Amino acid sequence: MDKIYEVLERVRKESPLVHHITNWVTIYDCANIVKVFGGSPVMAHAPEEAAEMTSISASLVVNIGTLNNTSVEAMKTAIAAANKKGIPVILDAVGVGATKYRNEKIKELLEYKISVIKGNASEIASAAGISVTTKGVDSGNVSGDMVNIAKQFAYDKECVVVATGKEDICTDGESVYLVKNGTPMMSQVVGTGSMAASVIGTFCAVEKDYLFAAIAGLVCFEIAGENADKTSEGPGTFKNKLFDKISTLSDISINKMKRLEKIR
Amino acid sequence: MDKIYEVLERVRKESPLVHHITNWVTIYDCANIVKVFGGSPVMAHAPEEAAEMTSISASLVVNIGTLNNTSVEAMKTAIAAANKKGIPVILDAVGVGATKYRNEKIKELLEYKISVIKGNASEIASAAGISVTTKGVDSGNVSGDMVNIAKQFAYDKECVVVATGKEDICTDGESVYLVKNGTPMMSQVVGTGSMAASVIGTFCAVEKDYLFAAIAGLVCFEIAGENADKTSEGPGTFKNKLFDKISTLSDISINKMKRLEKIR
Amino acid sequence: MDKIYEVLERVRKESPLVHHITNWVTIYDCANIVKVFGGSPVMAHAPEEAAEMTSISASLVVNIGTLNNTSVEAMKTAIAAANKKGIPVILDAVGVGATKYRNEKIKELLEYKISVIKGNASEIASAAGISVTTKGVDSGNVSGDMVNIAKQFAYDKECVVVATGKEDICTDGESVYLVKNGTPMMSQVVGTGSMAASVIGTFCAVEKDYLFAAIAGLVCFEIAGENADKTSEGPGTFKNKLFDKISTLSDISINKMKRLEKIR
């Protein structure tokens, strides 16, 4: 059995509860992608219950796309609960670099133990404290060697860093992998970025090797994207077929279609 | 004319205004399902206007999926306005049992006059004060006789109780019906649970017999689900076709496809 | 080259950053419609960053569909930043007339410089201070000459007013155009109204003649709606194909299909 498929199988069998404190734009997508992968999503952002909901969950996904003071407070209490319980925390650094407020808040969140930090190139660079030109939540230009930035950041924070792009850089600060699956259409609809973090959260819930879990999740998600793209007529139908194609992911298709390279 | 279809016809003709204070995950689905059924959805959660918006509405749907102190405050003022006006209030008990906070808040909301309480088995049992093992917002195991729990809860609260599942239990504390329509696919995408409550709210807006209104709404919604499932390729396309199939519900199809059993 | 298509081409080439403070029901649709048109959407509603996010944007869309005190505060700081930078501000007057709270808040927002005010007939009439019978967020009956109401309102506020309906009235207080594209299906799903404002915001981001930008955006959006309607099986598939058909808008199709009339 393909090792990636083996993790997917565990997701489908264990149906882990994946808690989210996420943004209002893609909150449905985050929930639904967990569901179609076979997991069980939950979204509870009230500071009064965020920690308790985390304590019955198998992983926590935090996405700062539409952060505010209250949601950041809920994120902190949830991350603390996740750290205490020893479950993985995935941080999606949406829009970091765009405003001082986001830069401050990500810094505060990074004081906690994070398992996987995910973002596009400019978000990861900004989160790592490297000056970049950002354009809202879409990827800006990043000068410097992105692989080295991600690797160093992962090393410093003792976590996995995922820098998404045409090829996704996945690193734990020592090894570096490139996930080369996916299709340009995935960046032409809103939601795929947030969903990628939720997928990583779902896979990390059942696989303690978070680097491999992140890679496995991305490979599965992006193969589904490739399959959806083949039969869609545009971004609208693509988005729906993306959900369809998660449920048909098989050992054979993953083994045949995965494009993964270890570069360090 | 089929009695269930007759209520649907009234929804389509009267196009009732259905006010929601609902959760951020499925808020679009809640609005759109009301719309495609022929109703007119509105969502106003600011405590400053929730009561006034309710006072021009034909029914109120309250869903605690992503509750917080402010939204619960808005729910209370809206429910009070609905009670005063004499319009139906549907309470979707999402995630009750998962956290102390939810358990407290549902208790506070149940101090008002509710017309229909809806939830999956574990949510209904928790709301009724019976101890269950819950897993986030997805249905947990419920020990004991669910039919009796729902019936007693409805009797105690003098309202209709709908406990969804493979078969939906609908009871006013005296009669008990099972709605047997639907398809497993409906529980494999996010949103169908919230939509069911919105559909009940839409049907209760035009039919004073809330037990029958709830049953009629569920039958229509789940027949559409069956029709959608027949031609969909997975959860993504299913979700869209579900909306399509609402608009094609006819007297003949409802009469032929409805699966309803009175068990008490 | 068709003049409308020429603006669309600029949207696709410049990919403007369009900032939104919008409602929770259609927030995904607002983001995705900007994206599929070729723009770059961003949604940041925290008062702490709304102004700064605006200052890196090319236009601002404000939608009061699910307003509250905090979001209105964020809107004000964002509009002030937009006014300072000289970028267009589009105000979608969702549900104005339905509650006193909305009426007060729209008044406060109208004290700022707005570039385009958009709403259905009853919303525009209410915003203009004319008494109407409103039904939630769906269009109520408007007595009086809607064209004159819109024209006078635009003249008084020195802005563009767009009153949507079967035919959309677009006026800068002097000229009045009717956009006659679109299909009844567009009003049978939730989201098209909010998306129309986001489209206008996207076109105004690249075209300083806001009246023409609003018209061009609506024509493109509604032609896509017509194309989607031709091949859809109901409101669910229609909604998805609407996104598909944005990306296939061409010089030829716009030139052939546009239905635009100057009536003043």
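In this predicted model, the contact between chain B and chain A draws on 29 residues from chain B and 27 residues from chain A. Together the two chains bury about 2,400 Å², with carbon and sulfur atoms accounting for 55% of it. Two salt bridges turn up across the interface of chain B and chain A. Glu233(B) pairs with Lys241(A) in a salt bridge, where the closest N and O atoms sit 3.2 Å apart. Polar contacts link twelve residue pairs between chain B and chain A, counting pairs with both residues at pLDDT 80 or more. On the chain B side of this contact, helix H5 (100-109) and H10 each put in at least two residues. H10(B) gives the largest share of that side, five residues. Sorted by class, the side of chain B that touches chain A holds nine nonpolar, 13 polar and seven charged residues.

Chain B also meets chain C. Here the contact takes 27 residues from chain B and 29 residues from chain C. About 2,400 Å² is buried between chain B and chain C, and 55% of that comes from carbon and sulfur atoms. Three residues stand out on the chain B side: Tyr28(B), Lys35(B) and Asp244(B) provide 24% of the area that chain B buries against chain C, more than any other three residues.

As for charged pairs, the count between chain B and chain C is two salt bridges. In one salt bridge, Glu233(C) reaches Lys241(B) through their side chains, at 3.3 Å from N to O. Between chain B and chain C there are also twelve residue pairs in polar contact, both partners being at pLDDT 80 or more. Four elements of chain B, namely helix H2 (27-37), strand E2 (40-43), helix H3 (47-55) and helix H10 (235-247), each supply at least two residues of the side that touches chain C. H2(B) makes the largest contribution to that side, with six residues.

The model has three cavities of 30 Å³ or more, and the largest cavity holds about 520 Å³ of space. Its lining is made up of 35 residues, and the closest to the centre of the largest cavity are Tyr28(A), Tyr28(B), Lys239(B), Tyr28(C) and Lys239(C). Helices H2 (27-37) and H10 (235-247) of chain A, H2 and H10 of chain B, and H2 (27-37) and H10 (235-247) of chain C are the elements that give two or more residues to this lining. By class, 17 nonpolar, twelve polar and six charged residues line the largest cavity.

Over all chains, the whole structure contains 36 salt bridges. One of them is within chain A, where the side chains of Lys239(A) and Asp29(A) come together at 2.9 Å, N to O. Lys239(A) belongs to helix H10 of chain A and Asp29(A) to helix H2 of chain A, so this pair ties together parts that lie 210 residues apart in sequence.

Conventions. Residues numbered from 1 in each chain as written. Chains lettered and ligands numbered in written order. Predicted model: local features only at pLDDT ≥ 70, side-chain atom pairs only at ≥ 80, totals over all residues. Heavy atoms only, no water. Contact = heavy atoms within 4.5 Å. Buried area = accessible area lost by both parts, 1.4 Å probe. Salt bridge = Lys/Arg side-chain N within 4 Å of Asp/Glu carboxyl O. Polar contact = N/O pair within 3.5 Å; in protein donor to acceptor, adjacent residues only side chain to side chain. 1 Å grid on protein atoms, 1.4 Å probe; cavity = no way out; pocket = protein on both sides within 12 Å on 5 of 7 lines; lining within 4 Å. Points joined across faces, edges and corners; volume = space filled by probe spheres on them. Nonpolar A, V, L, I, M, F, W, Y, C, P; charged D, E, K, R; others polar.
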